[in-house]
Amino acid sequence: MIALPIIGVSAADVTLRSSELSPAEEVSRRIGAADALLTSSGIGGPIHQRPDASGYTAAADHAVQQSPEPGADHAKSAVPAGAETLKISTGHTKIRSRYGLLQTELREVDTADPMVKGMIAMDRGRTPEEAGEVVATNAFLEASGLFVGSQFTPRGSATWYRIVGAYELPSDLHKIEITAPPGTLLAPLDKELRAAGVPGVVADDAYLVKTGPGGFTWNMVKEANTKGVLVHSRAVALDPPARSEVPLYTQMDSMGERDFGSLPASETAILATVVGLAMLEICLLAGPAFAVGALRRSRRQLGLVGANGGDRRHIRAIVLSGGLVIGAAAAVVGTAAGILLTVALRPLLEERIGVRFGSFDLRPLELLGIALLAVLTGLLAAVVPAITASRETVLSSLTGRRGIRRANRVLPFAGLAAIALGAAIALYGTTADAGATVVAGGSALAELGVVALTPVLVGLFGRTGRWLPLSPRLALRDAVRNRGRTAPAVAAVLAAVAGTVALATYQQSSEAQQRAAYVAQLPAGSGKVELHESGHQKAMGAVRQAVSRELPVAVRADVDYVQVGAPGCERMTGPGDCGQARILRPKEQRCPLWEDGDRDFTLAEARKLRRDWRCAVSQHGSMHELVVADEKLLAALAVTDPGTVAALKAGKPVSFEPRDVKDGKATVRLVTSEAERAFTGEGEPPGEDKVFAVHQAPKGTNGYGISLVLPPSAAQAAGLTAQPFASYFTLEGPPTGRQKQQLAAEIDRIGVEAPVAVESGFEPEDTTAMLALTVFAALVTIGAAGIATGLAQTDAEADLKTLSAVGAPPRVRRTLSGFQCGVVALMGVVLGTASGVLPAVALRLAQRREIAEMAQASGIGEEVPSVPIVLPWDTFGALLVLVPLGAALLAAAVTRSASGIARRAAG
């Protein structure tokens with residue numbers, strides 16, 4: 001009983017320490033043996049970065065940052081003179097695998113270069129040496145169905161590549177990637193795709209740099225930041241600068257912002273609370289188990305010690321020594337088993353989390369502390385039995401009489417004080433910085449107070465016996481008369497149930513919060529298919545037919561976008577001659593927070609403007625805010641307003657965004673790529689304006705990211721060119737898994753990337769950690785009830801022998817035993833349910849405070865997201881019914897119907 005939690009704690013400690021990488025290990029996996037890794041930030045101007053390169057921001061507050069020029073190699077411009085460099089180029093495309101098309105990361109680097117050592121780990125095969133040879137990650141081979149020696153072609157290419165080796169990325173085992181020698185994959189593939197008239201491969205370049213003695217210093221990092229280059233430096237990672245020397249932190253402090261990069265995880269807090277309650281349950285069960293088991297078997301020996309001159313000190317020493325030996329044995333067995341368990345499960349854990357551990361890290365002091373916890377638990381389990389045994393007379397010990405125990409009159413008052421103090425501490429934790437820790441401590445103290453009150457509460461339960469039938473009334477009164485055995489068993493079930501209730505309350509509250517924050521991307525039961533690649537508009541017709549053929553489509557609305565530029569030009573996937581059609585919002589209807597970038601608003605002004613209708617932020621997004629479609633789109637968007645439907649059907653554009661409409665008109669500006677590149681000022685780039693008289697949809701009508709719908713006739717009359725990019729549809733019923741797979745296979749055969757999304761509403765997402773914690777809490781509760789049942793039955797064996805002696809039928813033995821254990825479990829569940837709500841509520845209040853502080857620091861102010869507290873009434877009902885019923889049935893099942901004639905001990 002004691003060794004079991006020690007196994008878990010020691011295994012968790014070794015696993016956690018082994019998975020934690022040292023700064024040197026972490027930087028070696030990121031930049032290999034180089035001194036630094038230089039990457040373009042994508043911001044056309046100076047930046048401020050964190051010392052560990054985990055984040056960055058534009059250096060100038062409210063400055064208008066220009067995108068870097070196409071083809072500009074900013075990272076190379078920041079390489080120090082005379083430094084040794086190694087170029088790393090990355091891109092992505094789809095690879096034809098055994099099962100279809102597989103989105104794959106592409107990388108070009110000389111894997112034989114010494115600077116790459118530590119970044120990749122070759123598993124089998126060899127490194128690529130010439131054009132046409134690549135190495136692939138194990139994740140790629142598993143997902144694609146290929147193997148070392150296989151050949152493949154990228155989609156749209158006729159070139160074959162051979163896999164000559166397999167490797168893994170120690171910090172990302174699940175990454176799907178292939179690596180080729182420099183210049184043999186990305187550039188040839190890009191040239192081949194562009195020659196075919198489809199978007200090419202956009203390569204991002206980074207540089208591994210070796211500077212010599214001293215490494216890449218923090219001053220050199222700041223110099224590179226002025227050129228918009230992000231730097232991951234070995235020297236800075238191993239010896240970070242002071243906070244005052246980091247411009248990013250200085251900028252955040254001057255703006256009153258807080259660094260929320262390491263917020264306390266609520267899952268960690270609830271984990272600590274539940275595990276703490278489980279450890280408390282072990283302690284509560286260990287004491288009764290020691291008293292019922294080892295102590296009662298040795299009562300006669302202890303009586304003989306007293307008969308031969310031993311006093312109370314000797315009795316206490318003997319009993320405490322027994323607990324000490326049991327605890328020491330549990331410490332040795334539990335710690336050793338935990339270490340062996342970690343060794344055995346390490347490969348599975350690494351594959352599960354996708355990261356290779358560092359060195360096998362055993363912390364002797366921590367393991368010694370865990371072992372001492374086991375010894376202390378064994379010793380504490382023997383304290384009460386030792387005191388009880390020392391107070392027994394020699395005669396009662398030798399004859400087996402239990403005597404009469406008087407209730408402790410001080411303990412109930414101590415329990416009430418502990419409950420009040422613990423609740424106060426837990427509630428204080430909702431306002432303290434170390435909220436989760438304080439909440440856990442206060443909850444544990446309140447739990448101990450309830451445990452101290454258990455004997456009194458058991459007595460109060462006894463008063464309900466007058467309304468019960470004979471068997472449960474006898475069981476309840478027996479439990480009340482024998483509080484010495486009942487109270488610890490009830491307290492053990494109480495602690496286990498409290499952990500389960502705390503977890504269930506937190507889970508349901510979190511789920512309610514997620515449900516309230518969920519933003520549907522489409523009306524329930526509707527769907528859409530979008531073409532995510534330029535240059536493949538001609539294939540959209542086949543995609544639309546596949547959707548109608550494979551899914552139970554009721555209404556399908558084909559949607560086009562307004563194209564500015566040459567047919568087939570690409571905008572999102574790389575440079576080209578493609579401009580864009582913008583909805584021109586009237587200046588007086590624009591948000592001042594976004595337009596007046598040079599003006600410093602006070603906090604009160606910012607809060608007021610955020611509530612202004614002009615500054616409302618849409619929670620929906622679409623590839624194109626301006627679309628060309630007929631009235632079928634309104635059906636797919638669940639727009640039923642008769643006036644809106646009639647207007648679009650009659651050929652009048654419909655607007656879902658009132659800020660874009662003035663005097664019943666909306667303006668669309670056609671901006672060419674040349675004008676867009678030449679424009680460097682603030683505001684809108686110049687272009688040709690098209691003005692449309694529009695119908696404004698009623699307030700509250702949701703366009704799901706679409707702001708303006710042009711009917712085909714209006715677009716044609718304005719001389720606009722439309723290209724297909726999506727279809728919205730409604731379904732007669734939810735699609736089956738088989739229908740979805742058939743549609744995905746059909747789109748794959750067409751050879752385009754056109755994902756299909758169907759809105760099915762909010763679906764709770766159970767994380768692995770919370771799922772494991774739920775199972776753990778349930779097992780602890782069932783285990784506690786079962787152990788408490790066994791202890792109660794063992795302690796009541798004398799009463800069962802008396803029943804047999806007076807001629808009670810076997811059914812009475814089973815019924816009485818079942819009700820005895822059921823009563824114990826029921827009392828524990830009732831008290832545990834009441835006790836478990838406190839930590840969950842306190843943790844949610846602490847989380848509410850943290851979110852409010854985040855909102856205040858970010859300037860949101862009073863607009864704080866809802867953090868509801870929901871009580872899991874279904875869990876309460878299940879615990880109140882299933883746990884007592886299960887304990888009663890278990891006890892009745894294991895109770896023998898008949899018992900041999902046995903002598904009942906006197907007393």
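Predicted model: local features only at pLDDT ≥ 70, side-chain atom pairs only at ≥ 80, totals over all residues.

User: Where does Ala-53 lie?
Analyst: Ala-53 is in the loop between strand S2 (47-49) and strand S3 (56-58). Helices (H or I, at least four residues) and strands (E, at least two) are DSSP runs, numbered from the N terminus.

User: What is the phi of Ala-53?
Analyst: The phi is positive, about 65°, although Ala-53 is not a glycine.
Analyst: Ala-638 also has a positive phi, near 60°, and is a residue other than glycine.

User: Ala-638: buried or partly exposed?
Analyst: Ala-638 counts as partly exposed, at 48% relative accessibility. Its place is in the loop between helix H21 (632-636) and helix H22 (642-649).

User: Zoom out. How many helices and strands does the protein have?
Analyst: The protein has 29 helices and 23 strands.

User: And how many of the residues count as buried?
Analyst: 45% of the 907 residues count as buried.

User: What about contacts between residues 24 or more positions apart?
Analyst: Take the contacts with a separation of 6 or more: 79% of them come from residues 24 or more positions apart. Contact means heavy atoms within 4.5 Å.

User: New topic, sheets. Which strands form the open sheet of 3?
Analyst: The order is S15-S18-S19, and the pairing is antiparallel. Two strands pair if DSSP finds at least two bridges between them.

User: Which are the edge strands there?
Analyst: S15 and S19 are the edge strands; each pairs on one side only. Neighbouring strands of this sheet are turned by 25° against each other on average, direction ignored. Axes are lines fitted to C-alpha atoms, for helices over the stretch in contact, and angles run from 0 to 180 degrees between N-to-C directions.

User: How many bridges join S15 to S18?
Analyst: 5 bridges join S15 (residues 580-584) to S18, and the two run antiparallel. Ala-581 stands opposite Leu-670 in S18.

User: And S18 with S19?
Analyst: S18 pairs with S19 (residues 688-693) over 6 bridges, in the antiparallel sense. There, Ala-666 stands opposite Phe-692 in S19.

User: How many residues of S18 are buried?
Analyst: 6 of the 7 residues of S18 (residues 665-671) are buried, and the strand is mostly covered.

User: What is the order of the open sheet of 8 strands?
Analyst: The order is S20-S17-S21-S16-S14-S22-S13-S23, with mixed pairing. Its edge strands are S20 (695-696) and S23 (756-758), each pairing on one side only. S13 (residues 526-530) runs antiparallel to S23, and 3 bridges join them. Gly-527 stands opposite Val-758 in S23.

User: What lies across S13?
Analyst: Helix H18 (residues 540-550) lies across S13, S14 (553-563) and S22 (721-731). H18 runs at about 5° to S22.

User: Now helices. How do H11 and H12 cross?
Analyst: The axes of H11 (residues 312-353) and H12 (residues 364-391) come within 7 Å and cross at roughly 155°. That makes H11 roughly antiparallel to H12, because angles over 145 degrees count that way, with under 35 roughly parallel, 65 to 115 roughly perpendicular and the rest oblique.

User: Which residue classes are in the contact of H11 with H12?
Analyst: The contact has 18 nonpolar, 5 polar and 3 charged residues. Ala, Val, Leu, Ile, Met, Phe, Trp, Tyr, Cys and Pro count as nonpolar, Asp, Glu, Lys and Arg as charged, and the others, Gly among them, as polar.

User: Last one. Where is Thr-430?
Analyst: Thr-430 is in the loop between helix H14 (411-429) and helix H15 (435-462). Thr-430 is buried, with a relative accessible area of 10%.

User: What does Thr-430 touch?
Analyst: Not counting residues up to four places away in sequence, Thr-430 touches Val-439, Ala-842, Leu-845, Ala-846 and Arg-849. Thr-430 and Gln-847 are 417 residues apart in sequence and 7.7 Å apart in space, C-alpha to C-alpha.

Definitions and conventions. Residues numbered from 1 in each chain as written. Heavy atoms only, no water. Buried < 20%, exposed > 50% of the residue type's maximum accessible area, 1.4 Å probe, protein only.
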